[in-house]
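Dear colleague,

I am handing over the structure below, and my notes on it follow directly after.

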Amino acid sequence: MKKMLTVRNAGFADAEGVYALIKAYPRELLPRPLSDIVQNVDRFLVCEEKGAIVGTVAWSILPEIGHASSPSVEIKSLAVKKSLRRHGVGSRLVKAAIERVKILRPAQIIVLTFTPDFFRKMGFHEVPKATLMHKLYMGCINCAKYDSPFTCPEVAMAMDLRPSADGA
Ligand SMILES: CC(C)(COP(=O)(O)OP(=O)(O)OC[C@H]1O[C@@H](n2cnc3c(N)ncnc32)[C@H](O)[C@@H]1OP(=O)(O)O)[C@@H](O)C(=O)NCCC(=O)NCCS
């Protein structure tokens with residue numbers, strides 16, 4: 001049976017559902033305290049099915065990568081309810097987040113991920129981790145799992161949004 005899924009902006013009432021979804025993936029996602037989700041709720045989208053939050057995605061702005069007029073944006077905290085994976089929820093959320101973020105005209109959207117094949121299907125390509133050093137330093141300094149971002153199996157990926165040199 002076809003699922004009735006709605007992707008929409010998150011609101012405060014969604015924060016606890018978002019928190020639970022992210023918490024369900026401690027290996028894949030950085031945990032986020034409820035207070036962090038509430039403070040940044042305007043940078044979250046959710047997918048709703050029959051009133052329940054079954055997926056979420058967020059973004060953050062990285063002025064340190066790029067230029068003040070065209071910084072990078074990171075897509076993060078992407079989580080789909082375990083029983084609903086492979087039903088198109090993740091791709092709908094990422095496509096909606098890309099459309100939302102594009103309004104800001106960043107130079108690129110980046111992601112650090114253990115599922116590069118999923119993000120390749122979304123139009124991202126692998127980039128050297130060294131191009132994201134500031135982001136890696138800030139994120140990885142709090143990680144207890146790996147000695148260095150270069151021994152961590154997370155893959156750095158990007159979607160370039162800069163207008164091409166020929167003006168296209
Ligand atoms: C990764 C995740 C978001 C994918 O969401 P999803 O709803 O299952 O993905 P979709 O159903 O929209 O899949 C879209 C496409 O990607 C493929 N895909 C999905 N998960 C994949 C994976 N883990 N590896 C490779 N391909 C994958 C699907 O087969 C589908 O391909 P198709 O278009 O050729 O049919 C989900 O599995 C999840 O929440 N994982 C745990 C948290 C996580 O890893 N988040 C990403 C951190 S950056």
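In what order do the seven strands stand in the open sheet? The order is S1-S2-S3-S4-S5-S7-S6, with mixed pairing, where two strands pair if DSSP finds at least two bridges between them, and where helices (H or I, at least four residues) and strands (E, at least two) are DSSP runs numbered from the N terminus. Strand S1 (5–9) and strand S6 (125–126) stand at the edges with a single partner strand each, so one side of each is left without a neighbour in the sheet.

Please keep in mind that this is a predicted model, in which local features need pLDDT of at least 70 and side-chain atom pairs count only at pLDDT 80 or more, whereas totals for chains, interfaces and linings use all residues. Residues are numbered from 1 along each chain as its sequence is written.

Strands S5 and S7 (residues 155–160) run antiparallel and are joined by six bridges; Thr113 has Val155 in S7 as its bridge partner. Helix H1 (residues 15–23) packs on the sheet, touching strand S2 (44–49), strand S3 (52–67) and S4.

Within strand S3 lies Ile65, which is buried, with 20 other C-beta atoms within 10 Å (buried means 20 or more such atoms within 10 Å, exposed 12 or fewer, partly exposed in between, with C-beta atoms placed from the backbone). Leaving aside residues up to four places away in sequence, Ile65 touches Pro71, Ser72, Leu132, His134 and Lys135, contact being C-beta atoms, placed from the backbone, within 7 Å. Ile65 and Lys135 are 70 residues apart in sequence, yet 7.9 Å apart in space, C-alpha to C-alpha.

Best regards

Note on methods:
Contact = placed C-beta atoms within 7 Å. Axes fitted to C-alpha atoms, helices over the stretch in contact; angles between N-to-C directions.
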